[in-house]
Amino acid sequence: MLIRIDEISKTYSKGIKGRKPAVDKLTLEIEKGEIFGFLGPNGAGKSTVIKILMNFIRPSSGSAFIDSVAVDDPLARVAVGYLPENPFFYDHLTAEEILFFGASASRMNKAQIADRIDALLEQLKLFHVKKQPLRTYSKGMVQRIGLALSVVHNPKICILDEPMSGLDPLGRRLVADLILNMKNNGQTVFFSSHILSDIEKLCDRVGVLNRGRLLYCGSVGELVSESDGLERAFIQCIEKDERDCHGSDLAAR
Amino acid sequence: MGQIWLLGKITFKEGIRNRILIGILFFAILLTVLNLVFAKMFTYDLSKVSVDLGLSMVSIAGLAVIFFMGINLLTRDFEKRTIYMVISRPIARWQYVLGKFLGLMLMVATSVATISCFAAGCVKTIAIYAPAYVPPNYSWTIFWLSVCFAFISLLIVTALAQFFTCVTTSSYLALLLTASSYFIGQNVEMVRKMLAGKDEFSSLFIFVVRIATWIFPNLSAFDIKTAAAYGLPMEVTSMGWVAVYGISYLFIILILTVFIFQRRELG
């Protein structure tokens with residue numbers, strides 16, 4: 001088990017006395033070598049779960065472990081590569097410098113770093129701009145540098161928050177190839193996305209989240225078997241939950 | 001230590017490439033010209049003009065680096081979420097605080113070293129050109145000691161800026177709070193001395209000033225420009241205690257920053 005999430009809840013204050021749950025008793029396990037897709041409408045709690053895994057925020061209750069290390073221990077992140085939803089970097093550093101920082105900080109063997117950076121930049125079609133400051137990069141190039149930074153140290157687990165966001169079809173293809181390469185290398189990928197076709201193409205298993213609760217966790221095939229495609233299955237899943245559990249909210253709208 | 005150094009290095013590189021180096025060099029050249037012009041206007045009064053102006057410029061340039069560059073670099077980490085790039089690595093939060101501080105310290109050190117070398121150059125030029133105006137006890141040791149004390153004082157302001165950035169995350173508020181602390185720190189000792197032994201002030205006012213002297217750093221203690229200018233004798237023990245006070249205050253602020261940052265959510 002590479003990622004284990006045990007009954008995690010996260011609530012935020014709403015008004016003086018109110019509490020709004022962003023994640024509600026979520027339990028999830030992700031195996032080694034898996035590509036796991038995290039689906040859900042906007043505000044479902046996907047990014048909150050990812051931020052808890054990265055220890056950016058702390059759960060109100062429950063616990064999470066990466067490679068059997070509690071997420072609040074910095075050592076848990078030795079095994080992890082992370083891509084935020086909208087990556088921003090230090091503008092005046094070059095791609096080479098930022099990747100060197102990422103690899104060194106993740107304790108990669110110094111002798112291997114330069115070759116690894118060159119190979120990765122070549123793969124992501126950014127080798128020709130490796131000595132340019134990042135402020136000169138387009139949005140898609142920044143996204144690809146973010147991806148390179150998340151995988152530069154060959155992590156066991158890659159946690160990607162909307163990795164396809166802001167990419168053109170060519171960029172999406174590059175990212176998809178990179179994710180599949182990771183799977184072939186036995187690495188684990190946990191990613192959230194709104195682009196269902198990518199999820200359908202890449203993932204072994206998916207988790208569907210709505211209002212902080214996990215509605216479905218299983219294989220893509222099983223989810224789509226009763227519907228016509230992943231998009232339809234996803235919408236049906238969310239609508240059913242809204243009707244069954246949040247009917248009063250809908251009536252109030 | 002490796003993680004702190006890595007983070008310090010990229011913070012320094014990011015800051016120094018942000019046109020700050022050009023700004024520092026421009027300021028240093030301006031200082032040289034002003035220093036020589038003013039020295040001539042004041043009949044080469046080395047003590048009053050050249051040393052005083054040079055050492056003041058060291059502090060002003062350092063403050064400019066902290067206020068216009070340091071605070072911006074620190075708050076950008078929270079506002080633009082560049083902090084994710086760092087914290088997603090096996091870097092503990094205390095290492096983040098110390099790494100950032102190290103980067104800013106290197107930026108301030110670059111500024112202090114550049115400006116003080118230019119200032120020393122001006123003093124030396126005037127000393128050669130008009131030796132009759134050099135005070136008999138003028139000491140280069142005290143000049144450089146004064147630079148070191150200005151550096152410690154700037155490091156305290158840097159630590160305060162980092163502390164306020166961690167507390168507020170707004171660059172405007174952090175700037176306001178740091179600037180206020182700097183002005184209070186510069187004047188609190190003077191106010192305390194003015195109030196000492198006078199009965200016309202309310203006890204509440206005196207109590208507030210006394211509390212302020214405990215909370216805010218006494219930055220005027222690090223200002224030994226007058227001694228440097230006139231070559232006045234310095235008591236080694238009291239200077240040692242001032243240095244110990246400055247470094248202790250710095251560590252306390254860094255510990256408080258770590259304490260707050262450990263509990264902070266970066267959502």
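Among contacts in chain A between residues at least 6 apart in sequence, what percentage join residues at least 24 apart? The share is 67%, where two residues are in contact if their C-beta atoms, placed from the backbone, lie within 7 Å.

This is a predicted model, in which local features need pLDDT of at least 70, side-chain atom pairs count only at pLDDT 80 or more, and totals for chains, interfaces and linings use all residues. Residues are numbered from 1 along each chain as its sequence is written, while chains are lettered from A and ligands numbered from 1 in the order in which they are written.

Chain A has nine helices and ten strands; helices (H or I, at least four residues) and strands (E, at least two) are DSSP runs, numbered from the N terminus. The radius of gyration of chain A, 19 Å, is close to the 18 Å that the globule rule gives for 253 residues, so the chain is as compact as a globular protein of that length. The radius is taken over C-alpha atoms, and the rule is 2.2 Å times the number of residues to the power 0.38. Along the principal axes, the C-alpha atoms of chain A fill a box of roughly 60 × 40 × 35 Å.

Of the 253 residues of chain A, 44% count as buried, that is, with 20 or more other C-beta atoms within 10 Å of their own C-beta, placed from the backbone. In helix H1 of chain A (residues 46–53), eight of the eight residues are buried, so the helix is largely enclosed by the rest of the structure. Among them are Lys46(A) and Lys51(A), as well as Val49(A), Ile50(A), Ile52(A) and Leu53(A). Just after H1(A), Asn55(A) takes a positive phi of about 65 degrees.

The contact between the chains takes 24 residues from chain A and 21 residues from chain B. On the chain B side, helix H1 (2–41) and helix H3 (83–87) are the elements that give two or more residues, and H1(B) gives the most, with seven residues.

Within chain B, the axes of helix H4 (residues 93–129) and helix H9 (residues 236–263) come within 9 Å and cross at roughly 135 degrees. These axes are lines fitted to C-alpha atoms over the stretch in contact, with angles from 0 to 180 degrees between N-to-C directions. H4(B) and H9(B) are therefore oblique to each other, since angles under 35 degrees count as roughly parallel, over 145 as roughly antiparallel, 65 to 115 as roughly perpendicular and the rest as oblique. The residues making this contact include Trp94(B) and Phe101(B) of H4(B) and Leu254(B) and Phe261(B) of H9(B).

Technical notes:
A residue is buried if 20 or more other C-beta atoms lie within 10 Å of its own, exposed if 12 or fewer, and partly exposed in between; C-beta atoms are placed from the backbone.
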